[in-house]
Amino acid sequence: SFLQNFLDDAVGECLDKISLLLGHNYPGGPIIEKLAQTGKSTYQLPLTKLDETYDFSFSGLKTAVRLLIEKEDKRLNANDLACSLQYTLAKILTFKIEKVLQTKKVNTVVLGGGVVANKYLTNYLKEFLQKKNKNIRVFIPPKKYCTDNAAMMGILAYYKISNDEAGRGALAGPIVVAAVILPTYFYSPLIRDSKILKPVQRNRAYGIIRKAALTYSVAIKNPREVESKNPLQATKEAMVEATLKLKVKPDLCLVDGKEEIIIPNIPTQSIIGGDQSNKGYPNPTHLKAIFKYGICSLHRKTYEPIKSLVNGKTSREALCQKYNCKI
């Protein structure tokens, strides 16, 4: 169940805005972390939103930092402020986590999002959890999967980029590949394996994705291209095209399938998927219609049993018997 939310900014956005207040650029997380390495926690900053809810709010903290910067002016020690800020954020996070541990049965804690790239916060949270309960499993993804882009990428791998295809195993129609990047904290119960959704649910999911996506793209290979290139090659090319058309460059591309996809300057990782017999796939209803009425321009003539049906070397009756299809 969904327990908490950020009422204003998330931790990473808080670091971004304070970095700008200090005269530095975006993203602020790495800058604050570097400054803090040679600083001391000498500034007392407010611990915001320490109440009975699970919600986070850092608006008071940001305001306090802005007023401190204005007050101290040239006397401000940016390194000490950065160190104090990290310490304060860690205390706020652990306060809320402890409330969850007190009221919920927790076996595993996953630390995710761009801010997890901050070693100080990660180590602080990990040590806190281990002290509270040594039996709690703490999962921290590799740093390269913790940046904003990596955390935001996609559907199939929950908030990482997803690159998925439709129609590769079908007997008719084009191969269509879609790629999408969703916001880090995006959630919808409809965004899951589309094959287990009803048509009306898929239509709703389509609208949700289009509205929420930071960027998305589609690449299509028509039936003639599929025939000339072969399905696998056509799919790979479409996946590369869809990914490169994204307006935001991803740090990682998760590909539906087990084949290796090479995308220039973008690492990829394959995941195993599967398709049901539908939408042009060779299910019994489709095969029966082919043997009874013949094929249309959308059918792929290099695919069996269409290939054998077209070249006439095998009779319709023999093909029906082979594919256990009665007409």
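Reader: Buried means under 20% relative accessible area, exposed over 50%, and partly exposed in between, using a 1.4 Å probe and protein chains only. Hi! With that settled, which residues on the other side of α2 are exposed?

Author: Hi! Those are Pro30 and Lys34. Helices (H or I, at least four residues) and strands (E, at least two) are DSSP runs, numbered from the N terminus. Before we go on: this is a predicted model, where local features need pLDDT of at least 70 and side-chain atom pairs count only at pLDDT 80 or more, while totals for chains, interfaces and linings use all residues. Residues are numbered from 1 along each chain as its sequence is written, and side-chain values use heavy atoms, with hydrogens and water left out.

Reader: Great, thanks. And which residues of α2 are buried?

Author: Gly28, Gly29, Ile32, Glu33, Leu35 and Ala36 are the buried ones in α2. They sit on the same side of α2, because they cover an arc of only 165° around the axis; that arc is taken from the directions from the helix axis to the C-beta atoms.

Reader: What do the buried residues of α2 pack against?

Author: They pack against α1, α4 and α5, where contact means heavy atoms within 4.5 Å.

Reader: Let's move to α1. What does α1 pack against?

Author: The buried residues of α1 pack against α2 (28-36), α3 (59-72), α4 (78-103) and α5 (119-132). Helix α1 covers residues 11-21, and its buried residues are Val11, Cys14, Leu15, Asp16, Ile18 and Ser19.

Reader: What follows α1?

Author: Gly23 follows α1, and the phi of Gly23 is positive, near 90°.

Reader: Which residue does Lys96 form a salt bridge with?

Author: Asp51 is the partner of Lys96, with the closest N and O atoms 2.9 Å apart. Lys96 lies in helix α4 and Asp51 in the loop between α2 and α3, so the pair ties together parts that are 45 residues apart in sequence.

Reader: Is Lys96 buried or exposed?

Author: Lys96 is buried, at 2% relative accessible area, whereas Asp51 is partly exposed at 24%.

Reader: And what is the partner of Glu241?

Author: Glu241 forms a salt bridge with Lys221, and their closest N and O atoms are 2.8 Å apart. This pair links distant parts of the chain, with Glu241 in helix α9 (residues 231-244) and Lys221 in strand β5, 20 residues apart. Lys221 counts as buried at 5% relative accessibility, while Glu241 is partly exposed at 33%.

Reader: Where do Arg224 and Glu227 sit?

Author: Both are in helix α8 (residues 223-229), three residues apart, which means about one helical turn separates them.

Reader: Since β5 came up, how does β4 run relative to β5: parallel or antiparallel?

Author: Antiparallel: seven bridges join strand β4 (residues 175-181) to β5. Two strands pair if DSSP finds at least two bridges between them. Among the partners, Ala178 is bridged to Val218 in β5.

Reader: Which residues make up the covered face of β5?

Author: Thr215, Ser217, Ala219 and Lys221 do, and the uncovered face has Tyr216, Val218 and Ile220.

Reader: One last topic: how many aromatic pairs are there?

Author: Three. Tyr87 and Tyr124 form an edge-to-face pair, 6.5 Å centre to centre with 85° between the planes. Rings of Phe, Tyr and Trp (its six-membered ring) pair if their centres lie within 6.5 Å; planes under 30 degrees apart count as stacked, over 60 as edge-to-face and the rest as tilted. Ring pairs link Tyr87, Tyr120 and Tyr124 into a cluster.

Terms used:
Salt bridge = Lys/Arg side-chain N within 4 Å of Asp/Glu carboxyl O.
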